[in-house]
Amino acid sequence: MSVFDTLKERGYLAQVTHEEELKKALETEQVTFYMGFDPTADSLHVGHFLALMAMSHMQKAGHRPICLVGGGTGTVGDPSGRTDMRKMLTDEDIEHNCNCFKKQMERFIDFSDGKALMINNGDWLRKLNYIELLRDVGPHFSVNRMLTAECYKQRLERGLTFLEFNYMIMQAYDFMELNRRYGCVLELGGDDQWSNIIAGVELIRRKEAKPSYGMTFNLLTNSEGKKMGKTAKGALWLDPEKTSPYDFYQYWRNVADSDVEKCLALLTFLPMDEVRRLGSYKDQKINEAKQVLAYEVTKLVHGEEKAKKAQEAAQALFSGKGNMDNAPTITITEADFGKKLLDILVDNKVFESKGAGRRLIAQNGVSIGDDKWTDVEKVLTAEDLANGDMIVRKGKKKFYRLIKA
């Protein structure tokens, strides 16, 4: 099976330019392809995870990835999917974030012996002469057509700055520069990047008279069409300091039954026969598939050792037995004694708000140890941690261990 068919079968593909031409190229030659990562944070998140999985499938099929980090475009910010302007980053922020990206990407992409490249578009964008750029690529862009692009529509309603308007041109220029320097002929991206990708494909074909292609992937959404990867604490990060391996594991352990097969296909390397078998489980048995999903995804992102610890912690907390050292932990200081327990848990993002906590407690949805928590005014005392810790159980599947500093 060709890598194009693999990506299609597993549910990655959204839109493709010049489909038959690209399929033939992927089947008959080594294709150099790229995907851009703007360094807007010091960690990749679960949306990037899906992209890296697709890139890994491509590399395993013999093609060469370029991970393009936006040392240049990151100073502007992509308006795609935004209703406000992105925060400006300093050069130091960008360099730090790019270095963090490389460490995380290496879990998915093999950079040894030139098998993959990590390039910074600041290498050329920061050196560009504005008048030369206008003369070079300006004639190939229609303002009327640019204004119809999906990536600008939301921003037009509130005000699109000229700075952001240039983003499409910069991204297209990136593709052309990678084509010139490294023979890159294919740009990949999320489906919200379709307009920007088409701009690059057309620029190369018009100006360089060379083959070029674009391919977008479906965004990671649940069965209701909402983006996955959002938690009460914010984004689901790949950095263990931002999202612990346990919380990462628990996120996938708790996905909706209807999303299990899709996540197994997109976010693991399990054969599709196994994916379909696990995805067919019903009722209580689907929990077995969720455990496989959570373990496999956590293993890819954090390694086998941390995945096993997360799995053991989840099982120990659920049964109330075993080693809980790897459970999510809230450290209690002397200053916390005398405070309301609800306030402490809200401060540590166990509940989104005091109101949400009170409602769940009133519905008998929270336990302290083996007992239901009924007193919302409960004050934390030293006696509560006399045995070394306190276990707070939220719902059926989430546990938190309170320990004294």
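Reply: Gladly. One caution to begin with: this is a predicted model.

Me: How many disulfides does a search of the whole structure find?

Reply: The search returns 0.

Me: Why is Cys100 called buried?

Reply: Its relative accessibility is 19%. Buried means under 20%, so Cys100 counts as buried. Cys98 has a relative accessible area of 8% and is buried by that rule too. Across the chain, 50% of the 405 residues count as buried.

Me: Why is the pair of Tyr34 and Phe175 called tilted?

Reply: Take the distance, then the angle. The ring centres lie 5.6 Å apart, and a pair needs them within 6.5 Å. The planes stand at 55 degrees. Stacked needs under 30 degrees and edge-to-face over 60, so this pair is tilted. By this rule the chain has 5 aromatic pairs.

Me: What makes Tyr34 and Phe175 a link between distant parts of the chain?

Reply: Tyr34 is in strand β2 (residues 32–37), and Phe175 is in helix α10 (residues 167–182). They are 141 residues apart. Both are buried.

Me: What makes the pair of Tyr251 and Trp252 edge-to-face?

Reply: The angle between the planes is 80 degrees, and the label needs over 60. The centres are 4.9 Å apart, against a limit of 6.5 Å. Tyr251 and Trp252 are both buried. With Phe248 they form one aromatic cluster.

Me: How do you know that the charged end of Lys285 sits over the ring of Tyr281?

Reply: The charged end of Lys285 is 4.5 Å from the ring centre of Tyr281, and the limit is 6 Å. The direction must also fall within 35 degrees of the ring normal. The charged end of Lys242 likewise sits over a ring, that of Trp237, at 5.1 Å from its centre.

Me: What makes helix α13 mostly covered?

Reply: Of its 8 residues, spanning 260–267, 6 are buried. They are Val260, Cys263, Leu264, Ala265, Leu266 and Leu267. These residues pack against α1 (3–10), α3 (46–60), α12 (245–253), α14 (272–279) and α15 (286–302).

Me: Why do β9 and β11 count as edges of their sheet?

Reply: The sheet is open and has 5 strands, in the order β9-β13-β12-β10-β11. β9 (329–332) and β11 (371–372) each have a single partner strand, so one side of each is left without a neighbour in the sheet. The pairing within the sheet is mixed.

Me: How do you know that strand β10 pairs with strand β12?

Reply: Count the bridges. There are 3 between β10 (residues 366–368) and β12 (residues 389–394), and a pair needs at least two. These strands run antiparallel. Val366 has Lys394 as its bridge partner in β12.

Me: What share of the contacts between residues at least 6 apart in sequence joins residues at least 24 apart?

Reply: The share is 72%. The chain as a whole has 18 helices and 13 strands.

Key. Residues numbered from 1 in each chain as written. Predicted model: local features only at pLDDT ≥ 70, side-chain atom pairs only at ≥ 80, totals over all residues. Heavy atoms only, no water. Phe/Tyr/Trp six-rings, centres within 6.5 Å; stacked < 30°, edge-to-face > 60°. Helix = DSSP H or I, 4+ residues; strand = E, 2+ residues; numbered from the N terminus. Buried < 20%, exposed > 50% of the residue type's maximum accessible area, 1.4 Å probe, protein only. Contact = heavy atoms within 4.5 Å. Disulfide = S-S within 2.5 Å.
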